[in-house]
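I opened my notebook to look up a few things. Here is what I went through, entry by entry.

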Amino acid sequence: MSRKLIVATAQLGPIARDEPRSSTVSRMVALMTEAHRRGATLVVFPELALTSFFPRWFIEDEAELDSFYETEMPGTETQPLFDAARKLGVGFYLGYAELIVEGETKRRFNTTILVDQTGEIVGKYRKVHLPGHYNFEEWRPFQHLEKRYFEHGDLGFPVFETMGGTMGMAICNDRRWPETYRVLSLRGAELIMIGYNTPVHYPQAPEHDHLQDFHNHLSLQAGAYANGAWVIGTAKAGREGGCDLIGGSCIVAPTGEIVAMVQGLGDEIATAEIDLDRCKELRENVFNFTLHREPGDYGPICAGADEREAERARVTRDSIITSR
């Protein structure tokens, strides 16, 4: 049976702070419809796709903060996206801010879901690698308060058997960490979907600003190649809320090659036919995990700070003894 499918990265341009969800959802339905016209059966939207990237603002009013979160999925305003998926037979990845109320406690996550071609939710992931900071920092031209507005994801890195393959999800900063791709691939992920909102300006190291697009593609391509997986990265792009966001939404083959990419910084799709069986080209050869991995030597990756320091001291001591 063929394991080929046409997929689309569906980049969104800027979303205004006061833009209603109905407007954003309408834009997403238009992208999904165009992707369907091109034969796609899976569409990947960005991180926090329903609203402007609100962690750039220090929001003290809790009601205003809550307005950026979804308390149900689908909800009244997002239902048209699910209806379109069902009508067109197109699955999708959707990033959004999730608010859960447990008793008197509010829990907030940076979340993504995977919806199949019948419009049913078949997978959920909550962002693990939260970047940024917790408190307002006056020196910044814009804030990055993900650590304030979201909890560390509590679902780990799950995979989902759906749409003819094994699918995994990650969000934005997760793509910079090799462990994200490795854990998903060890669990069998053949396609990894990643939405992002990435500023052009990096306040802590502005000398890296010109490298933002390079680092984005470097992370996606290295993750694909080192794990023999297809990767789709999708941006929210353009000048949003006074902040410039990179684009570069793309589809990456297991060889690390970019096979499709958008051209601009607005609402746009790029499509490609992918063959999930191509993962075997890497996984049965140079990155054969069973044959070539040496997990016994990777202890420091998962060790705590104290354990890492003890290991560093041991290795240093042993190297000194050996050199005598």
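I call a crossing left-handed if the near helix is turned anticlockwise from the far one by less than a right angle, and right-handed if clockwise. I work on a predicted model, where local features need pLDDT of at least 70, side-chain atom pairs count only at pLDDT 80 or more, and totals for chains, interfaces and linings use all residues. Residues are numbered from 1 along each chain as its sequence is written, and side-chain values use heavy atoms, without hydrogens and water.

**Helix pair.** I looked up how α5 passes α6, and the crossing is right-handed. Helices here are DSSP runs (H or I, at least four residues), and strands are too (E, at least two), numbered from the N terminus. I noted that Y181, R182 and S185 in α5 meet S219, L220, G223, A226 and N227 in α6. Contact means heavy atoms within 4.5 Å.

**S52.** I found S52 in the loop between β2 (42-44) and α2 (62-66). Is S52 buried or exposed? S52 is buried, at 1% relative accessible area. Buried means under 20%, exposed over 50%, and partly exposed in between (1.4 Å probe, protein chains only). Leaving out residues up to four places away in sequence, S52 touches I15, A16, R17, W57, F68, K236 and E240.

**Cysteines.** I searched the whole structure and got 0 disulfides. The cut-off is a pair of cysteine sulfur atoms within 2.5 Å.
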